[in-house]
Structure formats: C-alpha cells, structure tokens
Amino acid sequence: MSDDAETFYAQVGGHETFVRLVDAFYRGVAADDVLKPMYPEEDLGPAAERLTLFLEQYWGGPTTYSERRGHPRLRMRHVPFHVNPDARDRWLLHMRRAVDELELSPLHEATLWDYLQRAAHAMVNTFEPTGIGPERPATASSLAVRSSDQTD
C-alpha cells in the first residue's frame, strides 16, 4: 500500500468508502433473482469481503487481496458463472446505485464508474438467456432433423 495521499483510494476516503460501496451493492444483489444465485455462500459476507479487498487494492490501497488470493484473474474466476448481458446489466444497476450513495466528487465518480462499466462488460462470458423474459426460439441443434430416406 502506498502512504501517498495521491492514490485514488486515499482521495475517496479509503477503507470506509469501499466498505460503503460494497455494502450498498450487495443489498441490491441480495434481492436480485438472477445475481443472488451466482454467489456460492448462503451469506454474501465472504463475497463482499473479497470485492472490498479487490477494489481497495486496485485503487491503491492495501494489497491484502493478492496476499490472500493471489492474482485477481477476474475473467477466470467468473467463468463458472452465467454472466450474460442481463446479469451484467443487473450488476451495473446495483453498482450504479451504490456509487450514487457515496456522493463522490464528479471526477472521482466518473473515474470509478468508468472502471466498473469496463470491468462488467469484460466479465460477460455467454449470450445465453437466464430464463427471465420471453422464451427464446429453438436453436438449430434443438430442431428435429429429418433424413432424406425417411418417408411420410
């Protein structure tokens, strides 16, 4: 961790700010029928701690995340989960509300939000629907194939 007050981490208020951000975010996730099942623990506490540590380290705070978990490898860690555009948009909705609660300066808010949007888009690993919304049409692999030697 840098003792330099010029880090983004220090400028926005350090640990307390990132705890507030993550707590507000997970309040939304806890009530989200698409995102909540993506978290393996019944209690969202461990996920909240991991996200807090990751964000703190990314923005110039303590390196506790890497000390405990190694390299972040965000894409690899999200591969087991169905992260489609719907999940991404829901994640961004809850994170937007959380960022707004912080009431950061316009520059800090824009900087943080830009990163969060780019990170969310990078985590998309499928375009398969989650089952919410209209049913999708049958795909070619699910359509019956009729061979030419079949008779009516």
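Mentor: Please keep in mind that this is a predicted model. Read along the sequence, the protein follows the pattern α-α-α-α-α-α-α. Its secondary structure comes to 7 helices and 0 strands.

Trainee: What percentage of the contacts with a separation of 6 or more joins residues 24 or more positions apart?

Mentor: Such pairs account for 67% of those contacts in the protein.

Trainee: How much of the protein is buried?

Mentor: A residue is called buried when its relative accessible area is under 20%. Buried residues make up 37% of the 152 residues here. The accessible surface comes to about 9,500 Å², and carbon and sulfur atoms contribute 54% of that area.

Trainee: Which residues of helix 7 are buried?

Mentor: They are His 108, Leu 112, Trp 113, Tyr 115, Leu 116, Ala 119, Ala 120 and Met 123. Seen down the helix axis, these buried residues fall within an arc of 160°, so they line one face of helix 7. The face turned away from that buried side carries the exposed residues Pro 106 and Leu 107.

Trainee: What is the idea behind a salt bridge?

Mentor: Side chains of opposite charge can pair when their charged atoms come close. In this model the count comes to 9 salt bridges. One of them joins the side chains of Arg 27 and Glu 101, at 2.9 Å from N to O. This pair links distant parts of the chain, with Arg 27 in helix 2 and Glu 101 in helix 6, 74 residues apart. Glu 101 counts as partly exposed because its relative accessibility is 44%.

Trainee: Which residue forms a salt bridge with Glu 109?

Mentor: The partner of Glu 109 is Arg 96, and their closest N and O atoms are 2.7 Å apart. Glu 109 lies in helix 7 and Arg 96 in helix 6, so the pair ties together parts that are 13 residues apart in sequence. Arg 96 is partly exposed, with a relative accessible area of 22%.

Definitions and conventions
Residues are numbered from 1 along each chain as its sequence is written. This is a predicted model: local features need pLDDT of at least 70, side-chain atom pairs count only at pLDDT 80 or more; totals for chains, interfaces and linings use all residues. Side-chain values use heavy atoms; hydrogens and water are left out. Buried means under 20% relative accessible area, exposed over 50%, partly exposed in between (1.4 Å probe, protein chains only). Helices (H or I, at least four residues) and strands (E, at least two) are DSSP runs, numbered from the N terminus. The arc is that of the directions from the helix axis to the C-beta atoms. Contact means heavy atoms within 4.5 Å. Accessible areas come from the Shrake-Rupley method with a 1.4 Å probe; for residues, only the protein chains shown count as cover. A salt bridge is a side-chain nitrogen of Lys or Arg within 4 Å of a carboxyl oxygen of Asp or Glu.
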